[in-house]
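Hi,

Here is the structure I promised to pass on. Have a look at it first, and my notes follow below.

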Amino acid sequence: MSMLEMRQVTKRYGHGPTEVNALRGVDLCVDPGELVAVMGPSGSGKSSLLTIAGSLEAPTSGEVFVGGADLLAMSRNETARLRRRSIGYVFQDFNLLAGLTAAENVALPLELDGTSVKVARRAAMLALGELGLDDKASRFPDQLSGGERQRVAVARAVVGDRRLLLADEPSGALDSENGEAVMRLVRAACSRGVAGVVVTHDAQLASWADRVIFLRDGRVADSTAAVPGPESLLTGGRPS
Amino acid sequence: MSVRHALLALLSDGPKFGLQLRQDFEARTGEVWPLNVGQVYTTLQRLERDGLVAGEDADDDLADGGPRKHFHITPAGEVELGHWLRTPPDLSSPPRDELVIKVLVAVQVAGVDVHEVIQVHRRYVVELMQQWTRLKADATTADEDLGFALAVDAELFRLDSVVRWLDAAEGRLRRRPVDVAAAPATPRTAAPLPMPAPRRRTGLRR
Ligand SMILES: Nc1ncnc2c1ncn2[C@@H]1O[C@H](COP(=O)(O)OP(=O)(O)OP(=O)(O)O)[C@@H](O)[C@H]1O
Ligand SMILES: [Mg+2]
(Lines give C-alpha, C1' and ligand atoms only; values in the text may rest on other atoms or scores of the structure.)
(Ligands and ions follow the chains in the order given, each with its own letter.)
Protein backbone atom coordinates (compact mmCIF):
# COMPACT_ATOMS: atom_id res chain seq x y z
CA MET A 1 0.00 0.00 0.00
CA SER A 2 1.21 3.49 -0.75
CA MET A 3 2.16 5.65 2.20
CA LEU A 4 0.97 8.71 0.30
CA GLU A 5 -1.68 8.61 -2.34
CA MET A 6 -3.05 11.68 -4.07
CA ARG A 7 -5.82 11.28 -6.63
CA GLN A 8 -6.85 13.98 -9.06
CA VAL A 9 -5.94 16.70 -6.60
CA THR A 10 -6.72 20.27 -7.57
CA LYS A 11 -6.06 23.47 -5.66
CA ARG A 12 -7.57 26.81 -6.48
CA TYR A 13 -6.64 29.96 -4.60
CA GLY A 14 -8.88 33.02 -4.73
CA HIS A 15 -11.76 33.44 -7.15
CA GLY A 16 -12.87 35.58 -10.01
CA PRO A 17 -10.15 37.70 -11.53
CA THR A 18 -7.60 36.73 -8.85
CA GLU A 19 -8.22 33.00 -9.23
CA VAL A 20 -5.09 30.85 -9.42
CA ASN A 21 -5.24 27.18 -10.33
CA ALA A 22 -2.17 26.00 -8.48
CA LEU A 23 -2.86 22.28 -9.02
CA ARG A 24 -4.93 20.91 -11.88
CA GLY A 25 -5.45 17.21 -11.28
CA VAL A 26 -2.34 15.69 -9.76
CA ASP A 27 -1.98 11.95 -9.14
CA LEU A 28 0.91 10.85 -6.98
CA CYS A 29 1.66 7.65 -5.09
CA VAL A 30 4.69 7.19 -2.87
CA ASP A 31 5.48 3.79 -1.37
CA PRO A 32 7.15 3.16 1.96
CA GLY A 33 10.91 3.34 1.45
CA GLU A 34 10.54 5.34 -1.75
CA LEU A 35 11.99 8.81 -2.26
CA VAL A 36 10.33 11.04 -4.84
CA ALA A 37 11.70 14.41 -5.89
CA VAL A 38 9.45 17.12 -7.31
CA MET A 39 11.00 19.60 -9.70
CA GLY A 40 9.40 22.43 -11.61
CA PRO A 41 9.63 26.15 -12.22
CA SER A 42 8.66 28.66 -9.57
CA GLY A 43 4.89 28.83 -9.24
CA SER A 44 4.30 25.40 -10.78
CA GLY A 45 2.54 24.18 -7.63
CA LYS A 46 5.29 22.31 -5.77
CA SER A 47 4.65 23.81 -2.33
CA SER A 48 0.89 23.55 -2.82
CA LEU A 49 1.28 19.85 -3.54
CA LEU A 50 3.35 19.36 -0.41
CA THR A 51 1.12 21.31 1.97
CA ILE A 52 -1.87 19.29 0.80
CA ALA A 53 0.04 16.01 1.20
CA GLY A 54 0.98 17.14 4.71
CA SER A 55 -2.65 17.98 5.58
CA LEU A 56 -1.70 21.60 6.19
CA GLU A 57 -4.19 22.65 3.55
CA ALA A 58 -7.22 20.98 2.04
CA PRO A 59 -7.41 20.37 -1.71
CA THR A 60 -10.16 22.09 -3.69
CA SER A 61 -11.07 18.67 -5.07
CA GLY A 62 -9.58 15.20 -5.19
CA GLU A 63 -8.53 12.68 -2.57
CA VAL A 64 -5.51 12.32 -0.30
CA PHE A 65 -4.59 9.22 1.72
CA VAL A 66 -1.71 8.98 4.18
CA GLY A 67 -0.95 5.46 5.35
CA GLY A 68 -4.30 4.45 3.87
CA ALA A 69 -6.25 6.98 5.94
CA ASP A 70 -8.43 9.48 4.11
CA LEU A 71 -7.29 12.97 5.13
CA LEU A 72 -10.55 14.57 4.09
CA ALA A 73 -12.52 12.31 6.41
CA MET A 74 -10.39 13.23 9.43
CA SER A 75 -11.20 15.73 12.14
CA ARG A 76 -8.82 18.59 12.86
CA ASN A 77 -7.58 16.76 15.93
CA GLU A 78 -6.89 13.65 13.93
CA THR A 79 -4.90 15.47 11.25
CA ALA A 80 -2.99 17.33 13.96
CA ARG A 81 -2.03 14.06 15.57
CA LEU A 82 -1.07 12.59 12.19
CA ARG A 83 1.21 15.55 11.55
CA ARG A 84 2.81 15.30 14.96
CA ARG A 85 3.32 11.58 14.90
CA SER A 86 3.70 10.41 11.33
CA ILE A 87 4.59 13.30 9.07
CA GLY A 88 7.93 15.09 9.11
CA TYR A 89 7.70 18.42 7.34
CA VAL A 90 10.54 20.74 6.31
CA PHE A 91 9.12 24.14 5.44
CA GLN A 92 10.55 26.30 2.70
CA ASP A 93 11.18 28.95 5.38
CA PHE A 94 12.28 26.46 8.12
CA ASN A 95 9.61 27.44 10.64
CA LEU A 96 11.72 26.98 13.79
CA LEU A 97 10.39 28.24 17.10
CA ALA A 98 12.46 31.24 18.13
CA GLY A 99 12.17 30.61 21.87
CA LEU A 100 13.56 27.08 21.72
CA THR A 101 17.13 25.92 21.17
CA ALA A 102 18.07 23.82 18.17
CA ALA A 103 17.88 20.62 20.22
CA GLU A 104 14.55 21.62 21.76
CA ASN A 105 13.13 22.41 18.34
CA VAL A 106 14.14 18.98 17.08
CA ALA A 107 12.85 17.17 20.17
CA LEU A 108 9.57 19.05 20.34
CA PRO A 109 7.40 16.88 18.07
CA LEU A 110 8.48 13.79 20.00
CA GLU A 111 7.80 15.40 23.37
CA LEU A 112 4.40 16.66 22.22
CA ASP A 113 3.60 13.12 21.29
CA GLY A 114 4.41 11.76 24.74
CA THR A 115 8.02 10.64 24.36
CA SER A 116 10.02 11.27 27.53
CA VAL A 117 12.18 14.38 27.47
CA LYS A 118 15.31 12.33 27.91
CA VAL A 119 14.62 9.97 25.02
CA ALA A 120 13.47 12.82 22.79
CA ARG A 121 16.64 14.82 23.50
CA ARG A 122 18.83 11.84 22.77
CA ALA A 123 17.11 11.30 19.40
CA ALA A 124 17.45 15.01 18.69
CA MET A 125 21.18 15.03 19.43
CA LEU A 126 21.68 12.03 17.18
CA ALA A 127 19.93 13.69 14.23
CA LEU A 128 21.77 16.98 14.81
CA GLY A 129 25.04 15.09 14.99
CA GLU A 130 24.47 13.49 11.62
CA LEU A 131 24.12 16.94 10.13
CA GLY A 132 27.28 18.24 11.80
CA LEU A 133 25.47 20.36 14.38
CA ASP A 134 26.49 18.72 17.69
CA ASP A 135 28.11 21.93 18.88
CA LYS A 136 25.11 24.09 17.93
CA ALA A 137 22.48 22.11 19.80
CA SER A 138 21.94 24.65 22.56
CA ARG A 139 21.82 27.71 20.33
CA PHE A 140 18.62 29.55 19.52
CA PRO A 141 17.55 29.89 15.88
CA ASP A 142 18.63 33.55 15.67
CA GLN A 143 22.14 32.46 16.70
CA LEU A 144 22.41 30.10 13.73
CA SER A 145 23.32 30.74 10.12
CA GLY A 146 20.68 30.19 7.44
CA GLY A 147 22.18 26.86 6.45
CA GLU A 148 22.37 25.72 10.07
CA ARG A 149 18.72 26.62 10.65
CA GLN A 150 17.82 24.64 7.60
CA ARG A 151 19.65 21.58 8.88
CA VAL A 152 17.91 21.89 12.24
CA ALA A 153 14.58 21.90 10.39
CA VAL A 154 15.60 18.75 8.53
CA ALA A 155 16.69 17.06 11.76
CA ARG A 156 13.32 17.91 13.29
CA ALA A 157 11.51 16.33 10.36
CA VAL A 158 13.41 13.02 10.36
CA VAL A 159 13.59 12.47 14.09
CA GLY A 160 11.42 9.81 15.71
CA ASP A 161 9.14 7.34 14.06
CA ARG A 162 7.91 9.24 11.03
CA ARG A 163 6.36 7.43 8.11
CA LEU A 164 6.10 10.27 5.64
CA LEU A 165 8.76 12.91 5.16
CA LEU A 166 7.86 16.04 3.18
CA ALA A 167 10.59 18.58 2.51
CA ASP A 168 10.21 21.86 0.66
CA GLU A 169 13.57 23.01 -0.70
CA PRO A 170 15.48 21.45 2.18
CA SER A 171 18.77 22.66 0.79
CA GLY A 172 17.97 26.18 -0.35
CA ALA A 173 20.55 27.77 1.94
CA LEU A 174 23.07 24.93 1.95
CA ASP A 175 26.37 24.47 0.14
CA SER A 176 26.81 21.25 -1.78
CA GLU A 177 28.49 19.39 1.07
CA ASN A 178 25.66 20.11 3.51
CA GLY A 179 23.07 19.55 0.81
CA GLU A 180 24.54 16.10 0.38
CA ALA A 181 24.50 15.49 4.15
CA VAL A 182 20.80 16.39 4.19
CA MET A 183 20.03 14.04 1.33
CA ARG A 184 21.99 11.21 2.94
CA LEU A 185 19.90 11.67 6.06
CA VAL A 186 16.70 11.67 4.01
CA ARG A 187 17.86 8.55 2.15
CA ALA A 188 18.69 6.86 5.42
CA ALA A 189 15.17 7.62 6.65
CA CYS A 190 13.76 6.09 3.47
CA SER A 191 15.84 2.97 3.88
CA ARG A 192 14.10 2.56 7.26
CA GLY A 193 10.80 2.51 5.37
CA VAL A 194 9.87 6.19 5.43
CA ALA A 195 8.20 7.51 2.27
CA GLY A 196 9.80 10.78 1.20
CA VAL A 197 8.84 13.68 -1.05
CA VAL A 198 11.45 16.37 -1.62
CA VAL A 199 10.67 19.54 -3.54
CA THR A 200 13.73 21.11 -5.07
CA HIS A 201 15.07 23.26 -7.88
CA ASP A 202 18.40 21.53 -7.54
CA ALA A 203 18.97 18.60 -9.89
CA GLN A 204 21.83 17.29 -7.77
CA LEU A 205 19.52 16.93 -4.80
CA ALA A 206 16.72 15.54 -6.93
CA SER A 207 19.11 12.92 -8.24
CA TRP A 208 19.10 11.24 -4.81
CA ALA A 209 15.49 10.25 -5.45
CA ASP A 210 14.21 6.97 -6.84
CA ARG A 211 11.84 8.91 -9.07
CA VAL A 212 11.74 12.54 -10.14
CA ILE A 213 8.46 14.11 -11.18
CA PHE A 214 8.32 17.36 -13.10
CA LEU A 215 5.48 19.75 -12.36
CA ARG A 216 4.39 22.38 -14.83
CA ASP A 217 1.44 24.70 -14.42
CA GLY A 218 -0.08 22.54 -11.72
CA ARG A 219 0.21 19.27 -13.61
CA VAL A 220 2.65 16.38 -13.53
CA ALA A 221 4.22 16.96 -16.92
CA ASP A 222 6.75 14.14 -16.84
CA SER A 223 8.69 11.79 -14.61
CA THR A 224 11.91 9.80 -14.75
CA ALA A 225 12.00 6.08 -15.35
CA ALA A 226 13.24 3.76 -12.61
CA VAL A 227 16.94 4.19 -11.94
CA PRO A 228 18.84 1.47 -13.77
CA GLY A 229 21.84 -0.20 -12.17
CA PRO A 230 24.94 1.99 -12.20
CA GLU A 231 26.83 -0.54 -14.33
CA SER A 232 25.28 1.11 -17.36
CA LEU A 233 27.46 4.19 -16.74
CA LEU A 234 30.75 2.40 -16.53
CA THR A 235 30.44 0.08 -19.47
CA GLY A 236 30.85 3.01 -21.77
CA GLY A 237 27.69 2.71 -23.83
CA ARG A 238 26.55 6.24 -23.19
CA PRO A 239 24.15 7.57 -25.77
CA SER A 240 25.14 10.92 -27.18
CA MET B 1 44.48 13.46 -19.20
CA SER B 2 47.78 12.70 -20.88
CA VAL B 3 49.33 9.31 -20.25
CA ARG B 4 52.65 11.12 -19.92
CA HIS B 5 51.64 13.17 -16.91
CA ALA B 6 49.63 10.38 -15.38
CA LEU B 7 52.80 8.26 -15.33
CA LEU B 8 54.89 11.06 -13.84
CA ALA B 9 52.25 11.45 -11.13
CA LEU B 10 52.30 7.73 -10.37
CA LEU B 11 56.09 7.79 -10.08
CA SER B 12 56.11 10.85 -7.85
CA ASP B 13 55.36 8.74 -4.77
CA GLY B 14 58.19 6.28 -5.35
CA PRO B 15 59.93 4.11 -7.95
CA LYS B 16 57.94 1.40 -9.66
CA PHE B 17 58.32 -1.44 -12.14
CA GLY B 18 56.78 -1.03 -15.57
CA LEU B 19 54.19 -3.68 -14.96
CA GLN B 20 53.21 -2.15 -11.64
CA LEU B 21 52.82 1.24 -13.33
CA ARG B 22 50.52 -0.29 -15.87
CA GLN B 23 48.36 -1.80 -13.14
CA ASP B 24 48.26 1.37 -11.04
CA PHE B 25 47.42 3.37 -14.09
CA GLU B 26 44.48 1.13 -14.90
CA ALA B 27 43.32 1.04 -11.31
CA ARG B 28 43.33 4.79 -10.85
CA THR B 29 41.94 5.99 -14.14
CA GLY B 30 40.33 3.01 -15.79
CA GLU B 31 36.95 3.18 -14.19
CA VAL B 32 36.08 6.74 -14.97
CA TRP B 33 38.30 7.51 -17.94
CA PRO B 34 39.20 4.34 -19.77
CA LEU B 35 42.53 5.06 -21.43
CA ASN B 36 44.69 3.07 -23.77
CA VAL B 37 46.96 0.98 -21.60
CA GLY B 38 49.07 -0.08 -24.57
CA GLN B 39 50.57 3.40 -24.63
CA VAL B 40 52.10 3.02 -21.20
CA TYR B 41 55.35 1.37 -22.32
CA THR B 42 56.00 3.60 -25.33
CA THR B 43 55.30 6.65 -23.18
CA LEU B 44 57.76 5.42 -20.56
CA GLN B 45 60.44 5.11 -23.25
CA ARG B 46 59.82 8.67 -24.37
CA LEU B 47 59.87 9.99 -20.81
CA GLU B 48 63.21 8.25 -20.32
CA ARG B 49 64.54 9.71 -23.55
CA ASP B 50 63.50 13.20 -22.42
CA GLY B 51 65.20 12.75 -19.03
CA LEU B 52 61.98 13.00 -17.04
CA VAL B 53 62.20 9.47 -15.71
CA ALA B 54 65.17 7.14 -15.32
CA GLY B 55 65.05 3.36 -15.53
CA GLU B 56 67.52 0.81 -14.26
CA ASP B 57 67.59 -2.86 -14.99
CA ALA B 58 66.69 -4.76 -11.89
CA ASP B 59 68.71 -7.80 -10.81
CA ASP B 60 66.04 -10.35 -11.50
CA ASP B 61 64.90 -11.02 -15.06
CA LEU B 62 61.41 -11.49 -16.40
CA ALA B 63 60.23 -14.95 -17.35
CA ASP B 64 60.74 -14.19 -21.04
CA GLY B 65 64.41 -13.39 -20.43
CA GLY B 66 64.21 -9.59 -20.75
CA PRO B 67 65.44 -7.40 -17.89
CA ARG B 68 62.90 -5.97 -15.43
CA LYS B 69 63.13 -2.22 -15.40
CA HIS B 70 62.68 -0.09 -12.32
CA PHE B 71 61.60 3.50 -13.02
CA HIS B 72 61.90 6.62 -10.93
CA ILE B 73 61.04 10.25 -11.57
CA THR B 74 63.96 12.70 -12.11
CA PRO B 75 64.13 16.28 -10.74
CA ALA B 76 63.36 17.49 -14.26
CA GLY B 77 60.32 15.18 -14.24
CA GLU B 78 59.12 16.71 -11.00
CA VAL B 79 59.43 20.20 -12.45
CA GLU B 80 57.53 19.12 -15.54
CA LEU B 81 54.76 17.54 -13.43
CA GLY B 82 54.45 20.67 -11.27
CA HIS B 83 54.28 22.83 -14.36
CA TRP B 84 51.59 20.67 -15.95
CA LEU B 85 49.46 20.66 -12.81
CA ARG B 86 49.43 24.45 -12.69
CA THR B 87 48.77 25.06 -16.37
CA PRO B 88 45.03 25.64 -16.88
CA PRO B 89 43.59 23.68 -19.78
CA ASP B 90 42.29 25.75 -22.68
CA LEU B 91 38.64 26.46 -21.93
CA SER B 92 38.48 29.64 -23.99
CA SER B 93 36.40 28.32 -26.86
CA PRO B 94 33.03 26.77 -26.00
CA PRO B 95 32.77 23.11 -26.93
CA ARG B 96 30.37 22.21 -29.72
CA ASP B 97 27.47 21.25 -27.55
CA GLU B 98 24.95 19.11 -29.37
CA LEU B 99 22.25 19.59 -26.78
CA VAL B 100 22.50 23.37 -27.00
CA ILE B 101 22.31 23.13 -30.76
CA LYS B 102 19.22 20.94 -30.63
CA VAL B 103 17.39 23.38 -28.39
CA LEU B 104 18.41 26.36 -30.54
CA VAL B 105 17.19 24.54 -33.63
CA ALA B 106 13.94 23.50 -31.90
CA VAL B 107 13.16 27.20 -31.42
CA GLN B 108 13.33 27.63 -35.18
CA VAL B 109 11.50 24.59 -36.47
CA ALA B 110 7.81 25.09 -37.15
CA GLY B 111 5.45 22.72 -35.36
CA VAL B 112 7.99 21.72 -32.71
CA ASP B 113 7.18 22.49 -29.09
CA VAL B 114 10.52 23.64 -27.75
CA HIS B 115 9.35 23.09 -24.16
CA GLU B 116 8.74 19.45 -24.92
CA VAL B 117 12.17 19.17 -26.50
CA ILE B 118 13.71 20.78 -23.42
CA GLN B 119 11.88 18.39 -21.12
CA VAL B 120 13.06 15.33 -23.06
CA HIS B 121 16.64 16.43 -22.55
CA ARG B 122 16.09 17.46 -18.95
CA ARG B 123 14.59 14.10 -18.07
CA TYR B 124 17.46 12.25 -19.71
CA VAL B 125 20.11 14.29 -17.91
CA VAL B 126 18.36 13.94 -14.53
CA GLU B 127 18.13 10.18 -15.08
CA LEU B 128 21.89 10.08 -15.71
CA MET B 129 22.44 12.11 -12.56
CA GLN B 130 20.33 9.64 -10.58
CA GLN B 131 22.64 6.87 -11.74
CA TRP B 132 25.80 8.75 -10.78
CA THR B 133 24.32 9.70 -7.42
CA ARG B 134 23.39 6.08 -6.78
CA LEU B 135 27.04 5.20 -7.42
CA LYS B 136 28.19 7.92 -5.06
CA ALA B 137 25.74 6.88 -2.35
CA ASP B 138 26.95 3.29 -2.56
CA ALA B 139 30.64 4.08 -2.95
CA THR B 140 31.38 6.18 0.11
CA THR B 141 30.84 3.33 2.52
CA ALA B 142 34.32 2.21 1.44
CA ASP B 143 36.04 5.55 1.42
CA GLU B 144 39.31 4.54 -0.19
CA ASP B 145 37.96 5.69 -3.56
CA LEU B 146 38.56 9.37 -3.04
CA GLY B 147 39.56 9.84 -6.66
CA PHE B 148 36.44 8.10 -7.80
CA ALA B 149 34.21 10.24 -5.57
CA LEU B 150 35.84 13.41 -6.89
CA ALA B 151 35.36 12.30 -10.48
CA VAL B 152 31.71 11.43 -9.87
CA ASP B 153 31.17 14.87 -8.32
CA ALA B 154 32.72 16.48 -11.38
CA GLU B 155 30.33 14.60 -13.63
CA LEU B 156 27.35 15.53 -11.44
CA PHE B 157 28.28 19.20 -11.51
CA ARG B 158 28.70 19.09 -15.26
CA LEU B 159 25.28 17.48 -15.75
CA ASP B 160 23.77 19.85 -13.18
CA SER B 161 24.93 22.80 -15.22
CA VAL B 162 23.13 21.32 -18.22
CA VAL B 163 19.87 21.12 -16.28
CA ARG B 164 20.34 24.66 -15.05
CA TRP B 165 20.87 25.87 -18.54
CA LEU B 166 17.72 24.05 -19.70
CA ASP B 167 15.77 25.67 -16.83
CA ALA B 168 17.14 29.08 -17.73
CA ALA B 169 16.40 28.52 -21.42
CA GLU B 170 12.84 27.52 -20.63
CA GLY B 171 12.34 30.58 -18.45
CA ARG B 172 13.71 32.83 -21.14
CA LEU B 173 11.46 31.27 -23.76
CA ARG B 174 8.43 31.59 -21.50
CA ARG B 175 9.04 35.25 -20.88
CA ARG B 176 9.22 35.72 -24.61
CA PRO B 177 6.06 33.93 -25.66
CA VAL B 178 6.07 35.04 -29.30
CA ASP B 179 6.07 31.89 -31.40
CA VAL B 180 9.20 32.31 -33.46
CA ALA B 181 8.49 29.29 -35.59
CA ALA B 182 5.02 30.49 -36.49
CA ALA B 183 6.21 33.99 -37.33
CA PRO B 184 6.63 34.65 -41.04
CA ALA B 185 9.99 33.30 -42.02
CA THR B 186 12.53 35.94 -42.82
CA PRO B 187 15.00 34.68 -45.39
CA ARG B 188 18.10 33.90 -43.39
CA THR B 189 19.80 31.21 -45.33
CA ALA B 190 23.40 31.79 -44.43
CA ALA B 191 23.26 31.74 -40.63
CA PRO B 192 22.58 28.27 -39.28
CA LEU B 193 21.80 29.54 -35.76
CA PRO B 194 20.46 33.05 -36.23
CA MET B 195 19.96 35.25 -33.23
CA PRO B 196 16.26 36.02 -32.97
CA ALA B 197 15.56 39.57 -34.06
CA PRO B 198 14.85 41.80 -31.07
CA ARG B 199 11.14 42.04 -30.56
CA ARG B 200 9.01 44.23 -28.45
CA ARG B 201 8.17 42.42 -25.25
CA THR B 202 4.55 41.45 -25.10
CA GLY B 203 2.87 42.31 -21.85
CA LEU B 204 2.54 38.75 -20.72
CA ARG B 205 5.09 38.69 -17.94
CA ARG B 206 3.88 36.84 -14.93
N1 LIG C 1 -2.15 31.26 -0.29
C2 LIG C 1 -2.15 31.55 -1.60
N3 LIG C 1 -3.02 32.41 -2.12
C4 LIG C 1 -3.07 32.72 -3.43
N5 LIG C 1 -2.26 32.13 -4.35
C6 LIG C 1 -1.35 31.27 -3.90
C7 LIG C 1 -1.26 30.92 -2.51
N8 LIG C 1 -0.26 30.00 -2.39
C9 LIG C 1 0.23 29.81 -3.63
N10 LIG C 1 -0.43 30.54 -4.54
C11 LIG C 1 -0.19 30.57 -5.99
O12 LIG C 1 -0.27 29.23 -6.46
C13 LIG C 1 0.72 28.98 -7.46
C14 LIG C 1 1.58 27.83 -7.02
O15 LIG C 1 2.31 28.21 -5.86
P16 LIG C 1 3.33 27.27 -5.12
O17 LIG C 1 3.73 27.93 -3.88
O18 LIG C 1 2.73 25.91 -5.03
O19 LIG C 1 4.53 27.26 -6.19
P20 LIG C 1 5.99 26.57 -6.10
O21 LIG C 1 6.06 25.62 -7.23
O22 LIG C 1 6.19 26.04 -4.74
O23 LIG C 1 6.95 27.80 -6.39
P24 LIG C 1 8.40 28.16 -5.75
O25 LIG C 1 9.38 27.32 -6.50
O26 LIG C 1 8.56 29.60 -6.09
O27 LIG C 1 8.37 27.90 -4.29
C28 LIG C 1 1.47 30.29 -7.62
O29 LIG C 1 0.96 30.96 -8.74
C30 LIG C 1 1.20 31.02 -6.34
O31 LIG C 1 1.22 32.43 -6.55
MG1 LIG D 1 7.50 26.59 -3.12
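Starting with chain B: its accessible surface comes to about 13200 Å², and carbon and sulfur atoms own 57% of that (Shrake-Rupley method, 1.4 Å probe; for residues, only the protein chains shown count as cover). Before you read on, note that this is a predicted model, where local features need pLDDT of at least 70 and side-chain atom pairs count only at pLDDT 80 or more, while totals for chains, interfaces and linings use all residues. As for bookkeeping, residues are numbered from 1 along each chain as its sequence is written, chains are lettered from A and ligands numbered from 1 in the order in which they are written, and side-chain values use heavy atoms, with hydrogens and water left out.

Still on chain B, you'll find 7 helices and 3 strands (DSSP runs numbered from the N terminus: H or I with at least four residues for helices, E with at least two for strands). Along the sequence they come in the pattern α-β-α-α-β-β-α-α-α-α. Chain B has 206 residues, and 33% of them count as buried (under 20% relative accessible area, 1.4 Å probe, protein chains only). Take the contacts in chain B with a separation of 6 or more, and 57% of them come from residues 24 or more positions apart (contact means heavy atoms within 4.5 Å).

Now the interface. Chain A puts 32 residues into the contact and chain B 30 residues. About 2700 Å² is buried between chain A and chain B, with 54% of it from carbon and sulfur atoms (that's the accessible area, 1.4 Å probe, that two parts lose on being put together, summed over both). One salt bridge joins the side chains of Arg174(B) and Asp217(A), at 3.6 Å from N to O. On chain A's side, the elements giving two or more residues are α6, α7 (203-206), β9 (211-216), β10 (219-223) and α8 (231-234).

One residue in α6 is worth a click: Cys190(A) sits in that helix, which spans residues 176-191. Cys190(A) counts as buried because its relative accessibility is 2%. Beyond its neighbours within four places in sequence, Cys190(A) touches Gly33(A), Glu34(A), Leu35(A) and Gly196(A).

Cheers

Conventions: Buried < 20%, exposed > 50% of the residue type's maximum accessible area, 1.4 Å probe, protein only. Salt bridge = Lys/Arg side-chain N within 4 Å of Asp/Glu carboxyl O.
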